[in-house]
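Here is a short report for a reader who is new to this structure. Please keep the sequence and the 3D view at hand.

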Amino acid sequence: MTRRLLLVNGPNLNLLGTREPGIYGTATLADVERLTADAAADGGFEVRAVQSSHEGVLIDAIHAAREDCEGIVINPGGLTHTSVVLRDALTGVGLPFAEVHISDVYAREEFRHHSYLHDVAAVRVIGEGVDGYANAVRQLIALIP
């Protein structure tokens, strides 16, 4: 039986590598997906990755994860601060999830300090750059029986 995690990257994360490299670094989304897949493989899991700037696409992917995933690693991007429906999707599927942010959102603008996911995430990794994805994967896998 294949053990799988869903990797979700939200709006604008397709621009990694070129978008504000002083904040987000120069690693690309492909680099993030590879890093995440490698960390998951070390724990006996594979990864299905989705990125979209459309909230409904992300929600559909989260719903579909109920069928074949054991956990979710998500960087919701700006939806972190605005989306109750994303929170509802994550809590609704009943899978443990890790919330990841490349930058230290608490060292940035005030509006970035609020997360609709913070109190329901099993794992939170903030401000570790793209390496935070691997850290989140390891912590999440440790929680999955």
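## Basis of the model

This is a predicted model: local features need pLDDT of at least 70, side-chain atom pairs count only at pLDDT 80 or more, and totals for chains, interfaces and linings use all residues. Residues are numbered from 1 along each chain as its sequence is written, and side-chain values use heavy atoms, with hydrogens and water left out.

## Overall build

The chain has 5 helices and 5 strands. Both are DSSP runs, numbered from the N terminus: helices are H or I with at least four residues, strands are E with at least two. Their order from the N terminus is β-α-α-β-α-β-α-β-β-α.

The C-alpha atoms fill a box of roughly 40 × 30 × 25 Å along the principal axes.

Buried residues make up 47% of the 145 residues. Buried means under 20% relative accessible area, exposed over 50%, and partly exposed in between (1.4 Å probe, protein chains only). Residues 24 or more positions apart account for 73% of them.

The accessible surface comes to about 6700 Å² (Shrake-Rupley method, 1.4 Å probe). Carbon and sulfur atoms hold 51% of that surface.

## Helix H5

H5 covers residues 131–143. Its 13 residues should span 18 Å at 1.5 Å a residue, and its end C-alpha atoms are 19 Å apart, which agrees. The expected span is 1.5 Å times one less than the number of residues.

Several H5 residues are buried, among them Tyr133, Val137, Leu140 and Ile141. What covers the buried residues of H5? The cover includes helix H2 (29–42) and the strands S1 (4–9), S3 (71–75), S4 (97–101) and S5 (123–126).

## Two loop residues with positive phi

Most residues other than glycine have a negative phi. Asn12 has a positive phi, near 75 degrees. Asn12 is found in the loop between S1 and helix H1 (21–24). Its relative accessible area is 35%, so Asn12 is partly exposed.

Glu20 also lies in the loop between S1 and H1. Its phi is positive, about 40 degrees, although Glu20 is not a glycine. Glu20 is partly exposed, with a relative accessible area of 40%.

Key. Contact = heavy atoms within 4.5 Å.
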